[in-house]
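I will write down what I looked up, in the order in which I looked.

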Number of protein chains: 2
Amino acid sequence: MGSPHTVPVGAQPLTAASPATPASQEHLYELLAQDLTSLVARGTLRPGDRMPSVRALSDQRGVSVSTVLQAYLLLESRGVVETRPQSGHYVRATRAQLAPEPRPPRGSSQAARPTVSDLVARVYGAGRDPSMVLLGAGYMSPSLLPTERLNRGLAAVARAAGGAGIAYDPPPGLPALRRQIARRAADWGVGITADDVVTTFGTMEALHLCLRAVAQSGDTILVESPAYYGVLQLIESLGMRALEIPANPGTGIDLDLLDAALRQHRVKACLLVTNFSNPLGALLPDAAKEELVRMLARRDVPLIEDDIYGDLHFEGARPRPARAFDPSGNVMLCTSFSKTLAPGYRVGYVIPGRYREVVERLKFAQTVGTATLPQMAIADFLENGGYERHLRRLRRNIADQVARVSEAICAEFPPGTRISRPRGGFFLWVEMPPGKSSLELFARALERKISVAPGPIFSAKGRFGTCVRISCGFPWSDTIARAIRTLGRIAHEL
Amino acid sequence: MGSPHTVPVGAQPLTAASPATPASQEHLYELLAQDLTSLVARGTLRPGDRMPSVRALSDQRGVSVSTVLQAYLLLESRGVVETRPQSGHYVRATRAQLAPEPRPPRGSSQAARPTVSDLVARVYGAGRDPSMVLLGAGYMSPSLLPTERLNRGLAAVARAAGGAGIAYDPPPGLPALRRQIARRAADWGVGITADDVVTTFGTMEALHLCLRAVAQSGDTILVESPAYYGVLQLIESLGMRALEIPANPGTGIDLDLLDAALRQHRVKACLLVTNFSNPLGALLPDAAKEELVRMLARRDVPLIEDDIYGDLHFEGARPRPARAFDPSGNVMLCTSFSKTLAPGYRVGYVIPGRYREVVERLKFAQTVGTATLPQMAIADFLENGGYERHLRRLRRNIADQVARVSEAICAEFPPGTRISRPRGGFFLWVEMPPGKSSLELFARALERKISVAPGPIFSAKGRFGTCVRISCGFPWSDTIARAIRTLGRIAHEL
């Protein structure tokens, strides 16, 4: 993996992307043309697609209308687009333009990168087809979750709640739920009270609140690489930049590189999954967590800790979050019940440390409060529903699923394929031999009604072109066995 | 036919008194009621005067006795007349209808970064004290909402939903709910399909998504003044600037000033409550909506329309949103069921016009999806729960509450106090005489366990120092009467 570099996740003004480059008009339209060509090459824009209008592109990239017109003229002369009178510019239907481009030089940040959102939308779109085998899904099969008990519990609290059930529950959220959360956190070495918790609509809202509490548009956020695409999208959508620090599938983010990056860049916050990261499945050892917390506290860089998979360890005790090693309130711990209980209830929370007040206010401004009855139902389940017993069974199930899927991948994929060995969570990270494109694998698998998550969505820089994330959130079955056989066959053909 | 006098106000829809009544007949009693109201407003009939007898009026106007009775029933429910047993109808001491309305602020402002959060936090903190009389609250009493039916409905869908109940529901949201929304929108002249709707966690998330879809940190957002503090907080939290354009309590934002502001400033979006604004209660006339839409489309400035109070009109047909006059997709219509059904369910939506795709993606990045079961429960209620019937009753109740509270304010507050005369919603905007500080009123009222919403939280520039918003979301009671008396006393002392 290359050295860390700040890359703009979203479409940034071209001029801002390369401060060293003289801002001559020619240079700008050439850069814009390259950028658009790479969108076509990656399949973000496909043959027959209408290109963005001149005005839209001018606004979006912060360049003049004449720069955009010149870029389109160039693309037309290169056969990338064609102009239709009274209608605009369209991607030409030529195979050549779709062939992958050579990889850009490492660390190049000259031009704005295509965003991950388009690709993610395609991956997600696939998930809506009920006939699809969902090896790309980021969630657990409802058959592994206490579906009936939860829904019955929600029905019971709804019947009993009266006016409180329909009333707003303003931040910090339902006291009964926050008490249960504080009780559980104590088991992970996080000594807090219910007052330290703010409930949210899942982990994503918690991360969003934390990012907005400590950083602004244009700020640099340090993330692990590969990183969960949802986090990259979030950073992108907030106009922030992701600084990707290599992580390895065993012990997670490289602390030496992280330290170097902190010296070199003006980092506003660090956002990491410390336990069983997505997609790597990496587990940061306790000593590394302690060191990480110290390192960040010294530089006053807040850690936004995403611990959504912490409850899904295959063996031993539940790993502690970095928050357990933080005496200073510099760590904002985010998690939810979406992976272990009910994603559709949208109940999560943040323990925001010394940023509690600002997080609470942002929560109010964003969504007023978390939905009342789902909070009541989760609180009730945590108190009376046998959450620990459920977790024990769930952990056994997913450990088994991960083992079987990884077996099958090893058997079916081409020699030279690498595969992660997670000790928790339900993702496998598969690196195919050089030259095998995971985007191609994704596209061909879709035709066979199999969804996977291609590597490039896990990087703001489009890295991981040979990697793919395979989910093991569904019970092993013949269908899954067949799907992996099919994937293996495609991987051979690539 | 039973005597309408024995029908308690609010127990039955007026039309239900004579189900066979043709539409023209309804029109007649409504017209008659308006006519009589204007006689009162002009002072032809004065407080304490006996109204013409039913028979006399019937003869005089050439309408049936039952039309007159219905007109009187309506006037009674609006607080214009009162019935004295064995004696007839008398003009109520309706000072409210005669008091002058508050004045709009002078001139438009420079764009400002709102900083209302601290004050809002204090106002909201007050709301948590259960012994507080909540005249500052922005929500309806659960006693006015179909609490039991909704909670029972949620219980029923939770029991029946199985795995779908706990599963993520990714954007654009639950199809069954989106279909109901599209069906209702048609009644307001908004011709859409379910595909045009994205569900959200209430109106606030919808507004947040729209702002983020079309503007960035540093951009200027045009708002009405006074504006809902939640919107100012949202703009503040996104690092945007609010450009406040004066609105008047009758017809809303001043379009000439808006037009001038559009010429003068680089406005990125316009965010308005078009029907029964908060706090003013202003209703933009249809012609003004049409003009507004045209004005903004011409300059390519999107309109983010907040229509959360549109269902709460006191008379006539539901007012149309500006979206009904927009052929271009430039209006993003946001609303929810938080004011009319269940705030705590957190179910709202946006009809984002041509910004649908970006809104959908932002929604995914922000909160993954809206909670599944609350969406199912609301969809079910819209289909089978008698929403229209509920709305008719709710509207009568709040019209009555608004009339009574405004009466009481006129009686208790110092001479020279101005008060809005909303035709929908449940807020009153009260302007005390010059020199009376609403922040001081707020502070002293808090000591007496009464919460109000002081004027300055409705402006990014701290305007409206003599104004206060009084909520009428709770049924009239001795407690509220006493609280207003106390407020009046404080206002005298200031």
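Before anything else I noted the rule for burial: a residue is buried if 20 or more other C-beta atoms, placed from the backbone, lie within 10 Å of its own, exposed if 12 or fewer do, and partly exposed in between. I also noted that helices (H or I, at least four residues) and strands (E, at least two) are DSSP runs, numbered from the N terminus.

I reminded myself that this is a predicted model, in which local features need pLDDT of at least 70 and side-chain atom pairs count only at pLDDT 80 or more, while totals for chains, interfaces and linings use all residues. Residues are numbered from 1 along each chain as its sequence is written, and chains are lettered from A and ligands numbered from 1 in the order in which they are written.

**Entry 1: a helix of chain B**

I looked up helix α8 of chain B, residues 175-187, and found that its 13 residues reach 19 Å from the first C-alpha to the last, close to the 18 Å expected at 1.5 Å a residue (the expected span is 1.5 Å times one less than the number of residues). Its buried residues are Leu177(B), Arg178(B), Gln180(B), Ile181(B) and Ala185(B). Seen down the axis of α8(B), these buried residues fall within an arc of 160 degrees, so they line one face of the helix (the arc is that of the directions from the helix axis to the C-beta atoms). On the face turned away from the buried side I found the exposed residues Ala186(B) and Asp187(B). The buried residues of α8(B) pack against β4, β11 (348-351) and α14 (372-384) of chain B, where contact means C-beta atoms, placed from the backbone, within 7 Å. Just after α8(B), Gly189(B) takes a positive phi of about 80 degrees.

**Entry 2: two sheets of chain B**

I then followed an open sheet of eight strands with mixed pairing, whose order in chain B is β4-β11-β10-β9-β8-β5-β6-β7; two strands pair if DSSP finds at least two bridges between them. Its edge strands, each pairing on one side only, are β4 (198-200) and β7 (252-253) of chain B. Within this sheet, β5 (220-225) and β8 (267-273) of chain B pair in the parallel sense over four bridges, and Ile221(B) stands opposite Ala269(B) in β8(B).

I found another open sheet in chain B, of four strands in the order β12-β13-β16-β15, with antiparallel pairing. Five bridges join β13 (427-431) to β16 (467-471) of chain B, and Leu428(B) has Ile470(B) as its bridge partner in β16(B).

**Entry 3: cores and the meeting of the chains**

Which residues have the most contacts inside the largest nonpolar core? They are Cys210(A) and Cys210(B), in a core of 280 residues (a set of buried Ala, Val, Leu, Ile, Met, Phe, Trp, Tyr and Cys residues joined through C-beta atoms within 7 Å). Helix α15 (387-412) of chain B gives the largest share of this core, nine residues. Not counting residues up to four places away in sequence, Cys210(A) touches several residues, among them Ile304(A), Met332(A) and Val359(A).

Finally I looked at where the chains meet, and 51 residues of chain B are in contact with 51 residues of chain A. The largest share of the side of chain B that touches chain A, nine residues, comes from α6(B).

Key: Contact = placed C-beta atoms within 7 Å.
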